[in-house]
Amino acid sequence: MLPSTGMLDALAGWYQRRHSRAIHNSSWTIESLNGESNVSGREEAHTSGQALKQAGLKFDLVFTSLLKRAHQTLDIVLQEIGQTDLSVVKSWKLNERHYGGLTGLNKADAAAKYGDKQVQIWRRSYNVPPPVMEEDHPMNNVIVNNPKFSMIRKKDFPKVESLEMTQRRVVAFWTEEIVPQIKAGKKVLVVAHGTSLRGLVKYLEGISDEDVMNLNLPTGIPFVYELNENMKPIKTLQYLADEKTVLKSIAKVASVGGTTKQLQDQGN
């Protein structure tokens, strides 16, 4: 995501944008918009900020994850909307999903080891997690000993996550930290990630465990919810882009979702 979300007023709606894509929007390792290969990611971040600006949206507070890619996206968006001085709250509970033992594998390696059908189930299902990341995994110490994750209690530190497990922490953060700010009248911007946002959308819209497998959130396109007094959507999410652009981006995300790509971006 880049996920960005914001409230029109105390209870009106929140704007969410998906965070611009790396090789794979995985989560807890090296993930950056810098470098030649991520020109499209930076362009998406600029486009998203411009869309928010054109919609006339201004914010009072920002929530984001602990991952570098989200921070880089946020910096670009804030520059575009002219609000670089906003207060930012960072939490690991908005991090992308932890892919466990799949971290570091490309499509060919994962398919050869587990079968492409099984890998697709792990990536798109609601409650089927991949294998855990064992202590001897080459990325385990990189993630566990990363100082930015030092606030995570040992018993809470994930070794792998399904969408269901990711949703649990994201919804808890939404309920405990974001909703009170919205109810207090704050206009909130949220910058997060693909799977963490899928879990939140599933929760808000009451999407079934089966149907969420087909939910693809387009990259680089902000979207808005209008919420009632119970913090539930008055109608489904609305994208700040024309239908053709939205459908093209959704198709692109869906095509990537059919592979494992490189599940190695879980850290910065």
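Biologist: Hi! Which residues does UniProt place under "binding site"?
Modeller: The unreviewed UniProt entry puts that feature at Arg-69, Glu-96, Arg-97, His-98, Tyr-99, Lys-107, Arg-123 and Arg-124. Keep in mind that the coordinates we're looking at are a predicted model.

Biologist: Okay, where is His-98?
Modeller: His-98 is in the loop that runs between strand 4 (87–90) and helix 3 (107–114).

Biologist: And is His-98 buried or exposed?
Modeller: Buried, because its relative accessibility is 1%, and the cut-off for buried is under 20%.

Biologist: Which backbone atom lies 2.9 Å from a polar atom of the His-98 side chain?
Modeller: That's the backbone nitrogen of Gly-100.

Biologist: Nice. What about Arg-123, where is that one?
Modeller: Arg-123 belongs to helix 4, residues 116–124. Arg-123 has a relative accessible area of 6%, so it is buried too.

Biologist: Switching topic: how many residues are in the largest nonpolar core?
Modeller: There are 28. Phe-63, Leu-94, Trp-174, Ile-178, Val-201, Leu-217 and Tyr-225 have the most contacts inside it.

Biologist: Which helices and strands each supply at least two residues of that core?
Modeller: Strand 3 (61–64), helix 6 (163–183), strand 5 (188–191), helix 7 (194–205) and strand 6 (222–226). Helix 6 gives the most, with eight residues.

Biologist: What other core lies apart from it?
Modeller: One of twelve residues, including Leu-57, Val-77, Ile-81 and Val-191.

Biologist: Now rings! How many aromatic pairs turn up in the whole structure?
Modeller: Five. One of them is Phe-149 with Phe-157, edge-to-face, at 6.3 Å centre to centre with 75° between the planes.

Biologist: Which residue pairs with Phe-223?
Modeller: Tyr-225, again edge-to-face: the centres are 6.1 Å apart and the planes are at 80°. Phe-223 is buried at 0% relative accessible area, and Tyr-225 is buried at 0%.

Biologist: Last one, which ring does the charged end of Lys-202 sit over?
Modeller: The ring of Tyr-126, at 4.2 Å from its centre. There's also Lys-232, which lies over the face of Tyr-203, 3.9 Å from the ring centre.

Definitions and conventions:
Residues numbered from 1 in each chain as written. Predicted model: local features only at pLDDT ≥ 70, side-chain atom pairs only at ≥ 80, totals over all residues. Heavy atoms only, no water. Core = buried A, V, L, I, M, F, W, Y, C linked by side-chain atoms within 4.5 Å. Buried < 20%, exposed > 50% of the residue type's maximum accessible area, 1.4 Å probe, protein only. Helix = DSSP H or I, 4+ residues; strand = E, 2+ residues; numbered from the N terminus. UniProt positions renumbered as here; feature names shortened; annotations may be inferred. Polar contact = N/O pair within 3.5 Å; in protein donor to acceptor, adjacent residues only side chain to side chain. Phe/Tyr/Trp six-rings, centres within 6.5 Å; stacked < 30°, edge-to-face > 60°. Lys NZ or Arg CZ within 6 Å of the ring centre and 35° of its normal.
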